[in-house]
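Have the structure open as you read.

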Amino acid sequence: MQSNESTAKGGVTKDLIQQLQEAIETTFSSIILPFEGVQVQDAEDTEGAVRVRATITFEGDLEGHVLIHCSLSGAHDISRGMLMLEEGDPLELSDVVDAMGECANLVAGVLKRNAFDVAGTVKMSCPKVEVDAPDQVFPRPDAQLAYKLVRGVSAAEVWVNKAG
Amino acid sequence: MRKVLIVDDSATMRKILMRSLRQAEIKLEEILEASNGIEALAQIASNPEIELILSDINMPEMGGIDLVKNVRATKTADELPILMVTTEGGSGMVASAMESGANGYVTKPFTPEVLKDAIQRINS
C-alpha cells in the first residue's frame with residue numbers, strides 16, 4: 001500500500017511550491033519506485049519512527065534545508081531500490097547511509113536546477129545522514145515548512161528560512 | 001567497448017551507473033571505478049584500454065571539470081570520450097565541462113535508456 005500526501009505552507013510563492021513538488025516527485029518516481037526489489041511498506045511506518053534522516057542545507061538568495069526521513073527499515077527499502085538489489089543481496093549500514101545521502105543529493109539537485117536557480121544564486125551543502133536521528137528536526141525558530149511529500153516509507157520536506 | 005571508467009564520490013551512484021549500464025545492455029569487458037579525479041587519472045594511466053569515462057562534476061580532491069582538462073591535455077575527445085553525469089544539468093558548471101572538452105552530459109536522476117542514448121550519441 002502506498003500513500004501520497006502533500007502539504008504546503010506560506011512564505012514562498014506558488015510557483016516555487018509547484019517546482020518543489022515536481023522536483024521531489026521526479027526524483028522519487030525515477031530513482032526510488034521503479035527499481036526492482038524495492039519493498040515499499042505502509043505509510044504509517046514514516047510517522048513517529050524517524051530513524052534515518054538525510055539533510056542538505058542551501059544558502060544564498062534562498063536559504064533552508066532539504067530533508068529526507070524515514071524509519072530504518074524504510075531506509076533499507078529505499079537503498080535496496082536505489083541500488084537495484086535483488087532479494088538476498090547483502091546490504092551494509094554504510095550502503096544505506098550512502099544511498100540516503102545520494103537520495104537527498106538527487107532531490108536537492110533537481111530542486112536547485114528547476115527552482116532555486118530561478119530564485120537566484122543558491123549553494124547546496126553536501127548531504128548529512130544521521131541514523132537514530134532525534135524526532136525534533138529544526139529547532140531554529142525562523143525555519144518554516146514550505147513543502148512536504150509523504151510517499152510510501154519516506155517523507156521529503158523542504159524548509160525555508162524566513163528572511164531576516 | 002572494452003573498458004568504462006566510472007568516476008563519482010558516491011558509492012551508491014557508482015553502483016547505480018554500473019547497474020544502469022548492464023540494464024541498458026551495453027556490452028563491456030570491465031567497469032572500473034574511481035571516487036575523484038585524481039584516482040581517475042591513475043586508473044587511466046594504468047588502463048590504456050579505457051574507452052569511455054562517465055564522470056560526476058562535484059567531487060572532493062579533484063572534480064570533474066579538472067579531470068576533463070587533465071585528460072584533454074593528452075587525449076582528444078575522439079580518443080577518450082567523457083560523459084558528465086551530474087545533478088548540475090544546464091548550469092554554468094556543465095557549460096565549463098563542455099568547454100573543457102567533455103563530449104556530453106546526462107542529468108541525474110536518469111534512466112538506463114537515457115544513459116544508453118547519451119553513450120550512443122557520443123559513439124556515433
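## Chain B at a glance

Chain B has five helices and five strands, counting DSSP runs numbered from the N terminus (helices are H or I with at least four residues, strands E with at least two). Starting at the N terminus, the elements run β-α-β-α-β-α-β-α-β-α. The radius of gyration of chain B is 13 Å, close to the 14 Å from the globule rule for 124 residues, so the chain is as compact as a globular protein of that length. That radius is taken over C-alpha atoms, and the rule is 2.2 Å times the number of residues to the power 0.38.

This is a predicted model: local features need pLDDT of at least 70, side-chain atom pairs count only at pLDDT 80 or more, and totals for chains, interfaces and linings use all residues. Residues are numbered from 1 along each chain as its sequence is written, while chains are lettered from A and ligands numbered from 1 in the order in which they are written.

Of the 124 residues of chain B, 43% count as buried, meaning 20 or more other C-beta atoms, placed from the backbone, lie within 10 Å of the residue's own.

## Two helices side by side

The axes of H3(B) and H4(B) come within 9 Å and cross at roughly 5 degrees; axes are lines fitted to C-alpha atoms over the stretch in contact, with angles from 0 to 180 degrees between N-to-C directions. The two helices are therefore roughly parallel to each other (angles under 35 degrees). Here's who makes the contact (C-beta atoms, placed from the backbone, within 7 Å):

| Helix | Contact residues |
|---|---|
| H3(B), residues 64-72 | B:Gly64, B:Ile65, B:Val68, B:Lys69, B:Arg72 |
| H4(B), residues 92-100 | B:Met93, B:Ser96, B:Ala97, B:Ser100 |

How values were computed
A residue is buried if 20 or more other C-beta atoms lie within 10 Å of its own, exposed if 12 or fewer, and partly exposed in between; C-beta atoms are placed from the backbone. Angles under 35 degrees count as roughly parallel, over 145 as roughly antiparallel, 65 to 115 as roughly perpendicular and the rest as oblique. Two residues are in contact if their C-beta atoms, placed from the backbone, lie within 7 Å.
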